Each structure stands twice: as C-alpha cells, then as structure tokens.
2 protein chains.
Amino acid sequence: MRNLKLTVEYLGTNYYGWQVLPDKPTVAGEIIKALRTILKEEVKLVGASRTDAGVHARGQVANFKTEKEIPKERLIRGLNGLLPPDIKVTKIEEVPLDFDSRRNAKGKEYLYRIFNRSIPSPFEYRRSWFFPFPLNTEKMAEASSFLIGVHDFTSFSKKDRSKEVNPIREVNEIKIEKIGNTIEIRVWGRSFLRHMVRVMVATLVKVGEGKLKPEDVKEILEGRNRERAPFLAPADGLYLEKVFYEDYPY
Amino acid sequence: MRNLKLTVEYLGTNYYGWQVLPDKPTVAGEIIKALRTILKEEVKLVGASRTDAGVHARGQVANFKTEKEIPKERLIRGLNGLLPPDIKVTKIEEVPLDFDSRRNAKGKEYLYRIFNRSIPSPFEYRRSWFFPFPLNTEKMAEASSFLIGVHDFTSFSKKDRSKEVNPIREVNEIKIEKIGNTIEIRVWGRSFLRHMVRVMVATLVKVGEGKLKPEDVKEILEGRNRERAPFLAPADGLYLEKVFYEDYPY
C-alpha cells in the first residue's frame with residue numbers, strides 16, 4: 001500500500017468547491033475521476049481544506065492510498081493530461097501511510113485579493129473582489145491587529161446548523177499590501193472556521209471605507225454574534241496559498 | 001462635432017481580434033454595439049492596432065466622432081455597464097478633430113508572456129504561452145539585439161497576399177525578464193508587420209532552447225524569407241501594452 005500526497009492548483013470559478021457532490025462539478029470530483037481512469041479503482045481523496053464554491057488554490061494538498069505501483073512521474077503526467085485546464089497537480093510525493101493531509105496540517109496561508117480601481121479589469125474578472133471605492137490600508141492593518149491571537153471567532157463564521165464546532169481559533173499573522181491597483185490580504189492560521197477569512201476581509205474592507213473604526217473590530221469579535229459582522233467577501237478573491245505540515249513558521 | 005479617444009483593456013480569448021467582422025464577435029464590434037445603444041447612432045471606431053484573434057490588450061487606443069453631447073463620465077459608465085466582463089474602457093478623453101488613433105501613433109509597446117514550468121498553471125491558461133522546456137534567457141537577449149534597429153522584417157511577417165506592404169520596420173528596444181516562472185518579452189517599435197512580434201518571439205524561444213544560435217537570427221533576418229523563421233508563437237501570450245502619441249520615448 002502507498003500513500004500519495006498531491007499538491008494541487010485550481011481556478012475555482014467553474015466548481016462547486018473542493019468537496020465531492022453528487023451531480024455537480026467539484027475539484028476533488030475531477031481529480032477522483034482522472035485517478036479512476038488511470039488506476040482503474042475508486043480512491044478516497046482527503047483534501048487539507050474544503051474550499052468553498054468559487055474559491056481558488058495555489059497550494060491545496062490532498063492524499064489518497066493505492067496498491068497500484070504506477071511511478072509518480074507517469075501518474076502526474078497522466079493526471080494532468082486528463083484534468084481540465086483549470087485544475088493541475090503540481091507535485092506528487094510518497095508519504096508515510098499514517099499521513100493525513102487534513103488532520104496533519106499544522107497551518108494554512110490564505111490570500112485574499114481586492115481589485116481597487118474605479119473600473120473593473122478584464123484580467124481580474126472572477127479572480128479578485130472588484131471594489132471601486134477608496135480603501136485606507138493603514139486603517140485596515142490597524143483593525144487586523146485585533147484579530148491576531150487566540151479568539152472565539154463566532155462573529156466571523158458561517159452560522160452553523162450543528163452547534164458542535166468549537167469557535168476558538170488562532171490567527172497567527174495578517175499582512176496587508178497594496179501592489180498597483182490590487183490589495184493583497186494574507187492570513188496565516190492553524191485552522192479556520194467556515195467563511196472565516198471572507199468575513200474577516202469584509203470587516204476589514206468596512207474599516208478601509210471608513211464605515212467602521214479599527215476598534216469596532218474588537219467589539220464585533222467580543223460580541224460573539226454572527227449578526228454583528230458584515231456579510232462575507234465574495235469567493236472570487238480567495239486563494240488557498242499553502243498548507244504547512246512540519247514547516248509552519250508560527 | 002467631438003472626437004473621443006478611448007483607452008481599452010481586453011482579454012482577447014473570446015474574440016476574433018479587434019477588427020469588426022460579419023457574424024463573429026470582435027472587440028471593436030462589442031464596443032460599437034454598446035456605443036450604438038447609448039448614442040443611438042452608428043459610429044466609425046478606429047483602433048490604433050488591429051490585434052489578431054486571441055491577442056489581449058492592456059492599453060489599446062481607439063477613437064470615434066459624434067455630434068452627441070453626452071458627458072464623458074456618463075459615457076464611460078454606460079459603456080462599461082453594457083460591455084462584457086472581458087472588455088473595459090478605462091479612459092475617455094476629448095481630442096482635436098484631426099486626431100486619428102491609428103495614423104497618429106508614434107510607437108507601440110507589446111508584451112509577450114511565456115509560462116515556463118514543466119506543468120501548466122490554471123491561472124495562466126490562455127494568458128501566456130505554456131512552454132515546458134528550459135530556456136536560456138541570456139542567449140535570448142543576445143539574439144534579440146540583432147532585431148533592434150531598422151530592418152527588412154520580411155522573414156518575421158505573415159506571408160502577404162498583397163505585395164504592397166513595406167517590410168521595413170524599426171524596432172527600438174527589446175527587454176527580456178524572468179519573473180518567477182514567467183518570461184516577459186517587451187518590444188517597442190514605431191509600427192509592426194502582421195504577426196511580427198509573434199514570429200520574433202518564436203525565434204527567440206528557439207534560441208532559448210538551443211535549437212538556434214543567437215547569430216542565426218541575424219542570418220534569418222538577412223534572408224528576407226518567411227520560410228526561414230520558425231512558426232509564430234501563440235496569440236495567448238501577446239498583450240498590446242501601450243500606444244504612444246507625443247510621449248514615445250524613442
């Protein structure tokens with residue numbers, strides 16, 4: 001038995017997220033279909049992050065087990081030949097049998113891209129949040145400092161049907177950088193609640209617009225109530241950049 | 001009568017080039033359709049460059065004349081509201097009546113993007129030339145020096161049915177830069193023959209691969225024979241970056 005770890009890039013626009021769904025195109029669904037064609041068997045593909053519909057990845061990690069002896073080089077070529085242009089496997093590594101891409105992840109880096117110009121860009125369509133009004137990135141950075149550390153992120157998560165999810169999470173670092181017309185918000189954390197990065201970004205944007213004060217973010221966080229935070233930022237701007245295992249810097 | 005100058009960005013993937021064609025989507029065709037809806041009149045739209053099918057632009061310039069008194073601000077908002085996401089007008093200026101975006105252009109900057117990694121990128125699909133083999137950019141730069149200056153570019157043009165086109169052109173500058181996995185080739189010239197940049201790029205890539213020597217480019221140029229140069233590089237990688245009028249630096 002071999003355990004194979006895949007690093008995957010995808011443009012999420014045309015998919016209903018990572019996780020397999022019946023009768024809907026998903027990223028994991030496409031990879032499983034390609035693996036089935038090559039290996040002539042059903043595999044269970046575990047992804048480090050269950051990215052939502054429309055979310056992109058430049059460094060998703062997944063793993064599956066197989067008895068088949070196909071060389072990694074042949075498998076990666078075969079997979080990329082079968083996969084559509086918007087999903088590619090960039091690396092395949094053989095890992096110990098007990099490696100689980102989801103459970104063993106020590107941290108993740110997400111990037112959120114905001115395209116901040118009065119007129120949208122043809123090159124940014126579905127690849128960033130088009131936001132036409134001025135944003136004060138210094139105020140956004142000030143506001144972001146309240147989110148760093150171990151907190152109850154109930155205000156920054158999807159309202160959950162199951163009450164079982166522990167809302168305590170640790171955000172290790174947030175970096176905000178303006179590059180030309182694009183504002184890049186990078187967030188590092190051990191794990192995230194569903195929608196957490198997108199609600200955080202929507203909140204920081206409200207601060208950037210001047211509709212909230214940086215200190216309001218502290219109050220929203222302490223309120224532990226999803227109704228208090230702004231609506232979530234669009235999926236188009238979110239990228240899973242990297243999943244860390246032994247190499248997480250925080 | 002007013003003469004309006006438009007600056008236009010487009011992702012060319014879904015269009016049969018700039019120039020209007022019957023029954024085919026073209027970039028100028030889409031802009032004329034939007035102008036017709038707003039102005040309730042037929043306009044003649046002159047573009048600085050007749051970009052080919054699949055070629056992109058970050059700074060195409062076009063102009064048209066109208067008697068209508070619509071303010072520029074309202075026109076740009078109206079146009080961008082009607083235009084598809086892959087075509088946007090970024091600027092409208094009123095210019096003297098004798099301004100012609102094509103005839104008055106003093107120079108143009110084209111960018112050609114090569115994605116140079118063993119595995120294609122979902123984010124680069126149709127936005128660059130995917131080239132999986134190693135390229136020596138120093139040799140490419142050396143080869144490019146032979147193309148600079150005033151030359152007969154017959155070897156680097158589309159074989160023309162009409163013999164009337166003057167094959168003498170001036171290339172002012174070529175810069176080759178490696179940024180991550182992308183090789184950017186920028187070319188400045190007063191005007192270009194049809195396919196000229198793409199044949200030049202294909203030739204430089206042959207040098208980068210080691211299949212041609214830098215000096216061979218001089219020989220191909222002097223041969224004045226289209227059969228001697230390699231086939232043209234794909235349209236996907238080509239961007240019209242800027243059209244210069246009084247501000248051309250060469």
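A salt bridge, as the term is used here, is a side-chain nitrogen of Lys or Arg within 4 Å of a carboxyl oxygen of Asp or Glu. By that criterion, the count between chain B and chain A in this predicted model is two salt bridges. In one of them, the side chains of R117(B) and E9(A) meet at 3.0 Å, N to O. Polar contacts across the interface of chain B and chain A comprise four residue pairs, with both residues at pLDDT 80 or more.

Which elements of chain B give two or more residues to the side that touches chain A? They are β1 (2–10), β3 (56–66), α2 (72–82) and β4 (87–95) of chain B. The largest share, four residues, comes from β4(B). By residue class, this side of chain B divides into 13 nonpolar, four polar and six charged residues.

I turn to the extent of the interface. In total, 23 residues of chain B are in contact with 23 residues of chain A. The two chains, B and A, bury about 1,700 Å² between them, and 67% of it lies on carbon and sulfur atoms. Of the area that chain B buries against chain A, I119(B), P122(B) and F123(B) supply 38%, more than any other three residues.

Finally, I consider a helix of chain B. In α5(B), residues 214–223, the residues P214(B), D216(B), V217(B), I220(B) and L221(B) are buried. They lie on the same side of α5(B), because they cover an arc of only 140° around the axis. Against what do the buried residues of α5(B) pack? Their partners are α3 (137–144), β7 (149–152) and α4 (196–209) of chain B. Just after α5(B), R224(B) takes a positive phi of about 45°.

Technical notes:
Residues numbered from 1 in each chain as written. Chains lettered and ligands numbered in written order. Predicted model: local features only at pLDDT ≥ 70, side-chain atom pairs only at ≥ 80, totals over all residues. Heavy atoms only, no water. Buried < 20%, exposed > 50% of the residue type's maximum accessible area, 1.4 Å probe, protein only. Arc of directions from axis to C-beta. Contact = heavy atoms within 4.5 Å. Buried area = accessible area lost by both parts, 1.4 Å probe. Polar contact = N/O pair within 3.5 Å; in protein donor to acceptor, adjacent residues only side chain to side chain. Nonpolar A, V, L, I, M, F, W, Y, C, P; charged D, E, K, R; others polar.
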